[in-house]
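Here are my notes on the model you sent over.

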Amino acid sequence: MPEPASRRWSHQFLLMLESLRMGTTFSAGRRYARAGQVRSITISTSIVTALVVDEDGETYRARIGVKAWTAADWARIDRVLAANAIYAAKLLAGDLPAGLDTVLAEFGLSLFPQSLQDIVLDCSCPGWQKPCRHLTAACYVLAEEFDADPLQILAWRGRGRDEVLDALRAHRTSALGHIAKGPHRDDTPAPHREAGFWDAGPRLPQPQPPLPGTLRRGDAILDQLETLPLTAGRFDVTDLLRAAYHTVTHSEPGLPDRRQPR
């Protein structure tokens, strides 16, 4: 059965940790996590810090570290994520796109550590074995945090939620600006455009004089409605409009009065 989407990130993370094949230690860590022995967990750049209460009542500080991605890595990642509408929508909705691992692999990166050399484990307990039960308990709680808020994974890799989303919006806004600035965009500086705002445009050509014997009628357009009476209640709108046209244009020479009584 496929892993539920809500458990996808924790499943990948725990698979990596359990590949160390330290079953007894991980069993104790699961038990501590389920019993609520992890009292707090903080995710910041490169470091996860957890306070874990042992069975004897002592509280130990467990730390899980990874290498943060460089500024150059993030710049490349930002460009790819912003250019893909589906990736951008997922991130803005607070989730990680399913294809993120593929994107990272192209840059030689991975979302989670791939080996023990890629992760640093430290605990203040006196035990010599690392990871100890306090560290593994912290790892299980961390996995739950990743499922609850997948963007915490990116915070662990060097970028908090606000930084990730701000960079994404900035890239997409810049891309939209380039699209808007097409070949027909007016690049005239604003002061010059404003200076000519009230200037008249080119003069329209003067109408040609009518042919000899031609009568000009302002209500000629209404003749097109002769076969389609236009009424409003008991009023004939065509007649009312014809009267209006005559009133406006009756002073022009050559315009006869064509109003007919009804």
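The points below go through the sheet, a helix pair and the aromatic rings.

1. Ground rules. This is a predicted model, so local features need pLDDT of at least 70 and side-chain atom pairs count only at pLDDT 80 or more, while totals for chains, interfaces and linings use all residues. Numbering runs from 1 along each chain as its sequence is written, and side-chain values use heavy atoms, with hydrogens and water left out.

2. The sheet. Four strands make an open, antiparallel sheet in the order β1-β2-β3-β4. Strands (E, at least two residues) and helices (H or I, at least four) are DSSP runs numbered from the N terminus, and two strands pair if DSSP finds at least two bridges between them. β1 (38-43) and β4 (119-123) are the edges; each has a single partner strand, so one side of each has no neighbour in the sheet. From one strand to the next the twist averages 15°.

3. β3 with β4. Strand β3 (residues 59-66) pairs with β4 in the antiparallel sense over five bridges.

4. Axes are lines fitted to C-alpha atoms (for helices, over the stretch in contact), and angles run from 0 to 180 degrees between N-to-C directions.

5. α3 against α4. The axes of helix α3 (residues 71-83) and helix α4 (residues 85-92) come within 5 Å and cross at roughly 100°. The two are therefore roughly perpendicular (65 to 115 degrees; under 35 is roughly parallel, over 145 roughly antiparallel, the rest oblique). Val80, Leu81 and Ala83 of α3 meet Ala85, Tyr87, Ala88 and Leu91 of α4.

6. Aromatics. There are seven aromatic pairs, meaning rings of Phe, Tyr and Trp (its six-membered ring) with centres within 6.5 Å; planes under 30 degrees apart are stacked, over 60 edge-to-face, the rest tilted. One of them, phenylalanine 13 with phenylalanine 146, is edge-to-face at 5.4 Å centre to centre and 75° between the planes. That pair links helix α1 (residues 8-18) to helix α6, with the partners 133 residues apart.

7. Buried or exposed, for phenylalanine 13? Buried, at 0% relative accessibility, and phenylalanine 146 is buried with 0% too (buried is under 20% relative accessible area, exposed over 50%, partly exposed in between; 1.4 Å probe, protein chains only). Phe13, Phe112, Phe146 and Trp156 form one aromatic cluster.

Technical notes
Contact means heavy atoms within 4.5 Å.
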